[in-house]
Amino acid sequence: MSYKDFLGPWGLLIVIAIGVGIILIALLLFACFLMPGCIGYECFRKQSKEDKSAPLRTKNQEKKNLKLSDVSYRSWRLGSLYENDNNGTISENAESHRDSLNSTNAQCKNVECSSTLNLIYTDKQKNDKKMKEFPTELTISLQYLPPCNDIIIGKLVIGIEALCGLPPKQYNGTLEPYVALNIMKQSWSHRKRQKLHSFRTRGIRHTANPIYKETFIIANTKPQEAKEWILDIAAYDHDRYANHTELCSLKVSLKDMKKIFYSPEIHMFNYRMKPSYQEFGNVLLAISYLPTAERLTINIMKLRDIKFIPTVLSLNEFNPYVRVLMLNGKTGKKMKKKKTKFLRAVAQPEFNEILTFDLAVTQLDTVQFLVVLCSKVLPEGLAANTADASDSEESISSFKRSTDTFIGKVALGKGVRGSTERLHWFSVLQNPRKLVTVWHTLK
């Protein structure tokens with residue numbers, strides 16, 4: 001029996017309408033599982049979240065490049081994404097609260113109650129360095145004046161003309177760049193480079209594109225000897241509170257500039273300088289903020305892998321201590337400064353000293369702290385157990401640069417350049433009354 005006998009003359013149209021309706025219903029159900037906001041999509045999404053919540057910790061261990069921007073501060077406090085790792089981590093020592101004291105002690109059982117979050121790994125730091133390179137260009141001029149008779153001797157004139165595109169300061173402040181020039185000679189017998197001459201330009205404040213136009217003359221220069229010379233050029237930032245920062249460097253061989261010895265004209269050269277990433281060791285800092293008392297405590301715990309040579313000649317002359325300066329992030333001026341006791345001839349010092357600063361809540365967005373590792377210059381004949389009278393808090397109005405040797409520094413605050421330093425500061429603000437501990441690199 002055909003559909004005409006069963007449905008009548010309209011049987012074909014009814015069959016077509018039923019088929020089209022089935023297809024439309026199937027399309028609507030399929031779209032409901034794909035479009036956000038529909039019931040099917042939300043149910044499927046909720047079920048998938050429940051399936052993924054069980055192996056969350058195992059998956060987080062596989063994610064080695066976890067960024068702080070991917071983790072909300074609320075999840076920080078809940079501790080759902082914290083892992084047990086001590087290298088390059090933030091450690092928050094939880095304080096005892098009114099509730100669940102007995103349960104906390106039962107869970108700890110003589111084990112420190114701490115939670116850690118992996119911030120930045122070594123591979124990630126290398127990638128960040130490549131991304132944050134600043135194209136610094138150096139313009140120099142070279143001129144060789146040949147000897148004439150036996151009276152006028154040959155001269156090599158080296159001109160430092162200008163710099164362009166210097167990287168910014170570690171903390172909020174203006175640059176005061178200068179250029180150091182060393183004339184090196186390769187000694188093939190000892191496989192070392194011998195320093196023949198050393199020059200330095202003046203510092204120019206408040207600019208990342210300084211124009212120097214300074215010339216340095218090397219008298220009694222012979223072309224055969226000058227072709228073996230190497231120009232070792234480095235740009236530094238003069239820091240009045242800490243060690244000078246090497247911004248970029250460049251090495252130029254005069255062997256590649258033979259044309260300057262054949263014509264007494266001034267030859268101009270433009271070079272791309274290589275960024276410098278000098279590191280002088282690591283320092284472990286534990287910081288906490290009490291909003292009710294408006295007090296910030298910085299615990300200088302210990303240091304490791306300190307590179308004090310060649311700044312300090314030997315371990316016997318290395319007397320480390322840490323100085324912490326509280327700076328105004330807008331003007332860069334010093335507000336307060338404190339320092340720890342110094343230790344005598346210790347390669348891996350451990351201080352465990354707490355420095356306290358009165359800090360209002362309104363200053364948290366503008367204030368910055370500069371942690372400087374110094375080596376005290378002791379007079380001859382001073383006993384090892386003799387205390388220094390100036391180890392107490394120094395005068396705020398004293399802006400005279402110390403005679404001690406500066407090794408390295410690290411800046412903390414909202415507007416500092418380092419990513420790890422910013423993460424440490426934000427974690428302190430988001431976790432009040434907790435001690436946040438991080439290893440920092442001295443630069």
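1. Helices (H or I, at least four residues) and strands (E, at least two) are DSSP runs, numbered from the N terminus. By this convention the chain has nine helices and 19 strands, and Trp 229 is placed in strand β8 (residues 229-237).

2. The model is predicted: local features need pLDDT of at least 70 and side-chain atom pairs count only at pLDDT 80 or more, whereas totals for chains, interfaces and linings use all residues. Residues are numbered from 1 along each chain as its sequence is written, and side-chain values use heavy atoms, with hydrogens and water left out.

3. On the chain as a whole, buried residues (under 20% relative accessible area, against over 50% for exposed and in between for partly exposed; 1.4 Å probe, protein chains only) make up 39% of the 443 residues. The accessible surface (Shrake-Rupley method, 1.4 Å probe; for residues, only the protein chains shown count as cover) comes to about 26400 Å², and 54% of that area belongs to carbon and sulfur atoms. Among contacts (heavy atoms within 4.5 Å) between residues at least 6 apart in sequence, 70% join residues at least 24 apart.

4. Trp 229 counts as buried because its relative accessibility is 6%. Leaving aside neighbours within four places in sequence, Trp 229 is in contact with residues including Leu 156, Ile 183, Leu 196, Ile 218 and Val 252. The C-alpha atoms of Trp 229 and Val 252 are separated by 8.7 Å, the two residues being 23 apart along the chain.

5. With neighbours within four places in sequence left aside, the contacts of Ile 217 are Lys 155, Leu 156, Val 157 and Phe 199. Ile 217 and Leu 156 are 61 residues apart in sequence, yet 5.7 Å apart from C-alpha to C-alpha.

6. Eight salt bridges (a side-chain nitrogen of Lys or Arg within 4 Å of a carboxyl oxygen of Asp or Glu) are found in the whole structure. In one of them, the side chains of Asp 237 and Lys 169 meet at 2.6 Å, N to O. This pair links distant parts of the chain, with Asp 237 in strand β8 and Lys 169 in the loop between β4 (155-164) and β5 (177-187), 68 residues apart. Asp 237 is buried at a relative accessible area of 2%, and Lys 169 counts as buried at 12%.

7. A further salt bridge joins Lys 251 to Asp 232, with the closest N and O atoms 3.8 Å apart. Lys 251 lies in strand β9 (residues 245-253) and Asp 232 in strand β8, so the pair ties together parts 19 residues apart in sequence.

8. Lys 409 and Asp 239 form a salt bridge at 2.7 Å, N to O. The pair links distant parts of the chain: Lys 409 is in strand β18 and Asp 239 in the loop between β8 and β9, 170 residues apart. Both Lys 409 and Asp 239 are buried.

9. Strand β18 (residues 405-413) is largely enclosed by the rest of the structure, because eight of its nine residues are buried. Strands β17 (residues 367-375) and β18 pair in the antiparallel sense over eight bridges; two strands are taken to pair if DSSP finds at least two bridges between them. Within this pairing, Gly 408 of β18 is the bridge partner of Leu 373.
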